[in-house]
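Here is a short briefing to read alongside the sequence and the model. Keep the structure open as you go, and pick out each element as it comes up.

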Amino acid sequence: SVTLEPVGQGVVLREGKVRVDPGSGQVLLGLDEPFAPAPAPTAEIDALFSEAQRLEDRAPARARVLYAELLSRSPGHADAHVNLGRLLHEEGRLAEAQTHYRAALAARPGDATAAYNLAVALGDQGRTADAVHWYETALRTDPGLAEAHYNLACLHERRGQPVLALRHLKEYRRLAG
């Protein structure tokens, strides 16, 4: 079946995925449609991820390169974003780390580790209110994150909220044993 599609001041004929200019009969290329590269084969991505993880401690610069390569092939790989963010965070590159933590959260909204790491990075920048928000987000997904409770206790204490600080400190002690 052929359909008419409004485009600007004119129309385009569409038959399936083919678009045709009705005046000239020329086939129109879909250059205005977003390009989605074909996903890389899973085995290849898994191998890159494993190699990058293996190199994190002894060759972090090489691990960063591998994570970047992986993300160029599979931009929504949440674990690679989290790990690359952590490596950048350890180097003090907080803005870049936050970008990767946020990308991990966009790919996997319930990722407690990404939310926790983002909270730590924001706290390191002195953005206390934002850090509190992301610690709480992490705890909604994983209430057993003892470190998030501890960090929240410290932040609430600094903000003059002793009741909240005590509540999180108690929970930290319970979880940490």
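How many bridges join strand β2 to strand β3, and in which direction do the two strands run? The answer is 3 bridges, with β2 (residues 10–15) and β3 (residues 18–20) running antiparallel. Please bear in mind that this is a predicted model.

- Strands β2 and β3 make a hairpin, and 2 residues sit between them.
- In the turn, Gly16 has a positive phi of about 65 degrees.
- Across the pair, you will find Arg14 opposite Arg19 of β3.

**Helices α3 and α4**

- Helix α3 covers residues 78–90, and helix α4 covers residues 94–107.
- The angle at which α3 and α4 pack is about 165 degrees, and their axes are 8 Å apart.
- Because of that angle, α3 is roughly antiparallel to α4; the cut-off for this description is an angle over 145 degrees.
- The crossing in which α3 passes α4 is left-handed.
- From α3, the residues that meet α4 are Ala78, His81, Val82, Leu84, Gly85, Arg86, Leu88 and His89.
- Their partners in α4 are Leu94, Glu96, Ala97, His100, Tyr101, Ala103, Ala104 and Ala107.
- Sorted by class, the contact of α3 with α4 holds 10 nonpolar, 4 polar and 2 charged residues.

**Helices α4 and α5**

- Helix α4 also packs with helix α5 (residues 112–124), at an angle of about 155 degrees and with the axes 9 Å apart.
- With that angle, α4 counts as roughly antiparallel to α5.
- The α4 and α5 pair has a left-handed crossing.
- On the α4 side, Leu94, Gln98, Tyr101, Arg102, Ala104 and Leu105 take part.
- They meet Ala114, Ala115, Asn117, Leu118, Ala121, Leu122 and Asp124 of α5.
- The residues in the contact of α4 with α5 are 9 nonpolar, 2 polar and 2 charged.

**Helices α7 and α8**

- Further along, helix α7 (residues 146–158) packs with helix α8 (residues 162–176) at about 155 degrees, and their axes lie 8 Å apart.
- This angle makes α7 roughly antiparallel to α8.
- Here, too, look for a left-handed crossing as α7 passes α8.
- Helix α7 brings Ala146, His149, Tyr150, Leu152, Ala153, His156 and Glu157 to the contact.
- Helix α8 supplies Pro162, Leu164, Ala165, His168, Leu169, Glu171, Tyr172 and Leu175.
- In the contact of α7 with α8 there are 10 nonpolar, 3 polar and 2 charged residues.

**Two buried residues**

- Asn83 is part of helix α3.
- With a relative accessibility of 11%, Asn83 counts as buried, because the cut-off is under 20%.
- Setting aside neighbours within four places in sequence, Asn83 contacts Phe49, Gln53, Glu56 and Tyr67.
- His100 belongs to helix α4 and is buried as well, at a relative accessible area of 17%.
- Not counting residues up to four places away in sequence, His100 touches Leu71, His81, Leu84, Gly85 and Leu88.
- Although His100 and Leu84 are 16 residues apart along the chain, 7.0 Å separates their C-alpha atoms.

- Glu157 touches Pro162 and Ala165, if you leave out residues up to four places away in sequence.
- Pro60 is in helix α2 (residues 60–73) and counts as partly exposed at 32% relative accessibility.
- Beyond its neighbours within four places in sequence, Pro60 is in contact with Leu55 and Leu87.
- How far apart are Pro60 and Val12 in space? The distance is 52 Å from C-alpha to C-alpha, and the two are 48 residues apart in sequence.

Conventions:
Residues numbered from 1 in each chain as written. Predicted model: local features only at pLDDT ≥ 70, side-chain atom pairs only at ≥ 80, totals over all residues. Heavy atoms only, no water. Axes fitted to C-alpha atoms, helices over the stretch in contact; angles between N-to-C directions. Helix = DSSP H or I, 4+ residues; strand = E, 2+ residues; numbered from the N terminus. Parallel < 35°, antiparallel > 145°, perpendicular 65-115°, else oblique. Left-handed = near helix turned anticlockwise from the far one by under 90°. Contact = heavy atoms within 4.5 Å. Nonpolar A, V, L, I, M, F, W, Y, C, P; charged D, E, K, R; others polar. Pairing = 2+ DSSP bridges. Buried < 20%, exposed > 50% of the residue type's maximum accessible area, 1.4 Å probe, protein only.
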